[in-house]
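Here are my notes on this one, as numbered points. Have the viewer open while you read.

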Amino acid sequence: MQPSVCLIDDDNDLRKAMKQTLELAGFDVTSLASAAEALETLDANFDGIVVSDIRMPGIDGLQLFRRIATFDKDLPVILVTGHGDIPMAVQALQDGVYDFIPKPFAADRLVQSVRRALEKRRLVMENRALKRAAETAGDSLPLIGQTPVMERLRQTIRHIADTDVDVLVAGETGSGKEVVATLLHTWSRRRNGNFVALNCGALPETVIESELFGHEQGAFTGALKKRIGRIEHASGGTLFLDEIEAMPPATQVKMLRVLEAREITPLGTNQVRPVDIRVIAAAKIDLGDPAQRGDFREDLYFRLNVVTLSIPPLRERRDDIPLLFSHFLTRAAERFKRDVPHVSPAVQQHLMTHAWPGNVRELSHFAERVALGVEGPLGQPVAPAEQPGFALPERLERYEAEILKEVLRAQRGDVKATIEALGIPRKTFYDKLQRHGINRADYAERGVPEKSRS
């Protein structure tokens, strides 16, 4: 989608010329003859910017800016005028106008201002989306992310949450499998029932059946009183079986019966008890692969595999790392009652080049160490914050620019090596260089042209 510009000018010829200039620069332009028309369409959800003349009949540009500020003070407004003087420009900028361009102006002056304003607006909108995701997910931070794969995952969870289908969640350690299970429960009609979690890999074979199915008094040595099992306790709610690949084969047979008949028989009794449960199972291996499945029953896998949700590892959604890290770092600083620290180039490079085998859990712990001032990944201490009140969008911009510079420096300006280290497409790389005003040649080896190095 092209960046959006709302262009307002009552001079038809000038408006057409400005529209053509901006469209040639790659922007999607909506041109209007009056501020009143613009106010009918603009709101806080507008993801573009406003370029307006000042001297217009009815509502002038300054009045338009003030009206816009009442519903979205973060919507950039660029004012253009042939009658402006220095005091007017200074006052407008102090009031919050993004830029003030006097006529006549070079086309490139307008284009560059619009490009910078749109980038600021993009960061604002991303930050708002991040906050909405955090509010929606509560403590479900591993699911925060703006990458398409995470947006699809959240949409799928919401789509199937209110059904009673059993779900298999696949993902590496620390990727957030229990978070997904919790959301499936919280967003379902079973939310008022119990959410009962059991880690199948944490219990020995002699204990797991009693934990799952319960037992009667005297059912075995040490069974001094009746115990309600996890399955029965989850009736009316959700049963989450983590690391189900570790469930003993004998227990798998009984679990298959539960899934098929929705009933249990506790140890020490022949009484069959119906249960109303939804089962969510999680595995850190691919149960669909016979080589990885081992002695896990194929029929149980197929019975569980009504719907499978796959959580991507963090290394496959690197564009989400700055968002997550910034959130974790801010949260950790608040918890430890410290200022949010300045992040060194070494830490920034580590964020984007580390494989993160522990996924989001590892990233969260890393953010806590940075917040505490523990030495960074390359043995360099983390410096205290120079501007602890720096807003999230600006902080993310600084992080990204420093990461680009650090990796370019480490790769001596080699474009191919830098792109591979960052794990981003070539076009994205060049777009980011342009956005941050970074000249690749400043980091290249002398006498080595870019073409030969890329």
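1. Strand β1 (residues 4-8) and strand β2 (residues 28-32) run parallel and are joined by 5 bridges. This is a predicted model, so read everything below with that in mind.

2. How many residues of β1 are buried? The count is 5 of 5. In a regular strand, side chains alternate between the two faces of the sheet. In β1, Ser 4, Cys 6 and Ile 8 point one way while Val 5 and Leu 7 point the other way, and all of them are buried. Cys 6 has a relative accessibility of 4%, and because buried means under 20%, Cys 6 qualifies.

3. A word on cysteines. Cys 200 is buried too, at 1% relative accessibility. The disulfide count for the model is 0.

4. Now the hydrophobic side of things. The largest nonpolar core has 36 residues, and the members touching the most others are Phe 325, Leu 329, Leu 351, Leu 363 and Phe 429. Helices α13 (321-335), α14 (345-353), α15 (359-372), α16 (392-410), α17 (415-422) and α18 (426-436) each put at least two residues into this core. The largest share, 8 residues, is from α13. There is another core apart from this one, with 28 residues, including Val 196, Leu 239, Leu 259 and Leu 300. As background, nonpolar side chains in soluble globular proteins tend to be buried together.

5. What does Phe 429 contact, leaving aside neighbours within four places in sequence? The list is Leu 404, Leu 408, Val 415, Thr 418, Ile 419, Leu 422 and Ile 424.

6. Lys 432 lies in helix α18. Is Lys 432 buried or exposed? With a relative accessible area of 13%, Lys 432 is buried. Not counting residues up to four places away in sequence, Lys 432 touches Glu 400, Leu 404 and Ile 424. Leu 404 also turns up among the contacts of Phe 429.

7. On to charges: the model has 23 salt bridges. One of them pairs the side chains of Asp 166 and Arg 303, at 3.6 Å from N to O. Asp 166 sits in the loop between α6 (148-161) and β6 (167-170), and Arg 303 is in helix α12 (residues 298-304), so this pair ties together parts 137 residues apart in sequence. Asp 166 is buried, at 3% relative accessible area, whereas Arg 303 is partly exposed at 27%.

8. Arg 190 and Asp 276 make another salt bridge, with the closest N and O atoms 2.6 Å apart. This pair also links distant parts of the chain, 86 residues apart: Arg 190 is in the loop between α7 (177-186) and β7 (195-199), and Asp 276 is in the loop between β10 (273-274) and β11 (278-283). Arg 190 is buried at 6% relative accessibility, while Asp 276 is partly exposed with a relative accessible area of 42%.

9. Two further charged sites are worth a click. Arg 293 forms a salt bridge with Glu 298, the closest N and O atoms being 3.6 Å apart. Arg 293 is buried, at 11% relative accessible area, and Glu 298 is partly exposed, at 43%. Elsewhere, a network of salt bridges links Glu 119, Arg 122 and Arg 435.

10. Last, α7. This helix is mostly covered, with 7 of its 10 residues buried. Which residues of α7 are buried? They are Lys 177, Val 179, Val 180, Ala 181, Leu 183, Leu 184 and His 185. An α-helix has 3.6 residues a turn, so residues three or four places apart point the same way.

Methods. Residues numbered from 1 in each chain as written. Predicted model: local features only at pLDDT ≥ 70, side-chain atom pairs only at ≥ 80, totals over all residues. Heavy atoms only, no water. Disulfide = S-S within 2.5 Å. Buried < 20%, exposed > 50% of the residue type's maximum accessible area, 1.4 Å probe, protein only. Core = buried A, V, L, I, M, F, W, Y, C linked by side-chain atoms within 4.5 Å. Helix = DSSP H or I, 4+ residues; strand = E, 2+ residues; numbered from the N terminus. Contact = heavy atoms within 4.5 Å. Salt bridge = Lys/Arg side-chain N within 4 Å of Asp/Glu carboxyl O. Pairing = 2+ DSSP bridges.
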